[in-house]
Amino acid sequence: MASTGGAEVLVASNRGPVSYEMREGSALHAKRGGGGLVSGLSAIGPDANAVWVCAALSDGDREAVRRTAGGRLPVADTGGQRVRMLDIDAEVFSGAYNGIANSVLWFVHHMLYQTPLEPVFDAEFRRQWASYQAYNRAFAEALAQEAGEGAAVVIQDYHLALAPRMLRRLRPDLRIGHFSHTPWAPPDYFRLLPDDIAAELLSGILGADHAAFLTRRWADAFVDCCHAVLGPGIPAADPSSGGTRIGVHGLGADADFLRKRSHEPDVEERMAALREEIGDGRRTIVRVDRTELSKNIVRGLLAYRQLLDDHPEWRERVVHVAFAYPSRQDLAVYRDYTAEVQRVADDINSVYGTPGWTPVVLHVKDDFARSLAAYRLADVALVNPIRDGMNLVAKEIPVVSDEGCVLVLSREAGAYEELGEDAVVVNPYDIGGTAAALALALAMPVEERAERCKRLAEAATGLPPAAWFLEQLEALGG
């Protein structure tokens with residue numbers, strides 16, 4: 001496929017750096033996003049001849065695409081970045097995004113299935129798989145059109161596992177990378193997938209010159225799956241013989257941004273409000289998560305309840321500040337999980353609460369300034385996912401904490417690889433063990449807590465977003 005673009009660097013991801021909402025009188029309002037990719041792409045500068053390809057996710061996004069030439073958004077809306085947004089057919093997008101990416105691939109890599117009943121790979125699954133193929137093909141074709149000769153293309157995450165191979169067939173001249181932000185399932189679990197689907201997913205990523213992961217554990221699991229499904233020697237053990245190189249780039253926290261943003265006036269206001277909710281002189285156990293099944297919020301609440309049972313001396317002296325922001329509410333299983341989080345929190349408050357003490361302060365409306373305020377106030381940070389590619393919250397809280405916090409961290413989080421030595425580590429399924437870890441964290445001497453937190457912050461910022469993105473480019477010879 002011939003190029004009509006000429007971009008030298010391209011990024012592809014489901015979500016882009018800007019979103020739109022419809023306002024009164026058919027006006028469109030652009031809202032710029034944040035995150036590691038946005039920060040990373042800014043590292044190459046405005047003159048780098050870069051293009052970001054993403055999907056239209058909302059009605060506002062789709063209307064914005066219709067008002068442009070081929071989905072190329074006005075740079076005034078995107079902070080100066082060149083962005084091409086794809087208006088993929090709504091039924092195709094739903095099948096690919098909800099049906100496959102979030103209801104199959106996410107569940108496989110996070111090992112979330114209740115296997116006596118699920119998964120069920122039937123005719124409806126095959127229909128959704130065809131949508132996933134079409135969705136990936138749309139990205140591959142757009143990238144092929146936008147890329148100049150020999151351009152570097154960095155494709156992001158499980159939504160686009162097939163795109164590297166598809167793009168390779170269209171444009172063999174390109175230098176292609178794929179980065180997985182999730183864990184990677186071990187072979188026995190990955191092979192829950194139908195054999196042909198498992199092979200297609202692996203082969204799709206192996207279409208890249210460089211396939212990268214957040215930790216060595218996830219990279220090794222990918223290679224093990226390739227050997228189990230595709231055969232020994234795939235990918236080649238010696239990268240010089242051709243094929244796909246395997247890399248590890250552990251995304252870190254953006255310390256400069258976080259420290260500056262966490263001391264702005266709106267954060268100070270949220271801190272004052274939180275202190276009033278918590279009460280004078282009380283310790284805080286903080287968690288900030290989406291109500292995503294893998295984040296393990298319910299077991300975290302149950303561990304806090306166990307702490308209050310096992311250590312009654314902490315009653316009225318500690319508050320669990322839990323921010324659980326609703327996620328993927330278009331899927332019934334996520335709506336049910338969000339409701340269970342609320343139910344367990346309410347139950348703890350009704351059983352243990354007193355007129356002057358609310359044991360769990362739960363907030364469900366996303367508020368970044370309030371999250372930063374909680375980071376600064378945290379005595380203990382609870383990060384106990386069932387399984388997580390990295391978990392940036394575990395890295396961000398030590399960076400922002402005012403007095404130094406203790407990190408209680410699941411051994412199944414990717415962040416464990418870098419932070420485990422200075423965290424209090426837990427088995428995420430063990431309620432009693434997590435309760436004991438919380439008690440240990442609350443009782444830790446101030447000096448030890450501060451020293452651990454300092455080392456955590458240093459480890460957490462080792463590869464900030466800009467450097468992380470540049471490493472991916474460098475791996476492609478860019």
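Predicted model: local features only at pLDDT ≥ 70, side-chain atom pairs only at ≥ 80, totals over all residues.
The model contains an open sheet of 7 strands, arranged in the order β5-β4-β1-β6-β7-β8-β9 with parallel pairing. Its edges are formed by β5 (82-86) and β9 (245-248), each of which pairs on one side only. From one strand to the next, the twist averages 20°. Within this sheet, strand β1 (residues 7-12) and strand β4 (residues 50-55) are paired in the parallel sense over 4 bridges, and Val11 stands opposite Trp52 in β4.

In helix α7 (residues 195-205), the buried residues are Ile197, Ala198, Leu201, Leu202, Gly204 and Ile205. These residues lie on the same side of α7, because the arc that they cover around the axis is only 160°. In general, an α-helix has 3.6 residues a turn, so residues three or four places apart point the same way.

A search of the whole structure identified 33 salt bridges. One of them joins the side chains of Asp87 and Arg66, with an N to O distance of 3.9 Å. Asp87 is located in the loop between β5 and α3 (90-109), whereas Arg66 belongs to helix α2 (residues 59-66); the pair therefore ties together parts that are 21 residues apart in sequence. Asp87 is partly exposed, at a relative accessible area of 34%, while Arg66 is exposed, at 55%. A second salt bridge, of 2.9 Å (N to O), is formed by the side chains of Glu412 and Arg217. Since Glu412 lies in the loop between β14 (406-410) and α15 and Arg217 in helix α8 (residues 216-229), this pair ties together parts that are 195 residues apart in sequence. Glu412 is buried, with a relative accessible area of 17%, whereas Arg217 is partly exposed, with 37%. The side chains of Arg261 and Glu264 also meet in a salt bridge, at 3.3 Å (N to O). Here Arg261 is buried at 16% relative accessible area, and Glu264 is partly exposed at 26%. Through salt bridges that share partners, Glu63, Arg66, Arg67 and Asp87 are joined into one network.

Two further residues were examined individually. Asp422 is placed in the loop between α15 (416-419) and β15 (424-426) and is buried, with a relative accessible area of 13%. Its side chain makes a polar contact of 2.8 Å with that of Arg455. Beyond its neighbours within four places in sequence, Asp422 is in contact with Arg452, Arg455 and Leu456. Thr338, in helix α12 (residues 332-352), counts as buried because its relative accessibility is 14%. Apart from residues up to four places away in sequence, Thr338 touches Thr291, Pro326 and Gln329.

Terms used. Residues numbered from 1 in each chain as written. Heavy atoms only, no water. Helix = DSSP H or I, 4+ residues; strand = E, 2+ residues; numbered from the N terminus. Buried < 20%, exposed > 50% of the residue type's maximum accessible area, 1.4 Å probe, protein only. Contact = heavy atoms within 4.5 Å. Polar contact = N/O pair within 3.5 Å; in protein donor to acceptor, adjacent residues only side chain to side chain. Pairing = 2+ DSSP bridges. Axes fitted to C-alpha atoms, helices over the stretch in contact; angles between N-to-C directions. Arc of directions from axis to C-beta. Salt bridge = Lys/Arg side-chain N within 4 Å of Asp/Glu carboxyl O.
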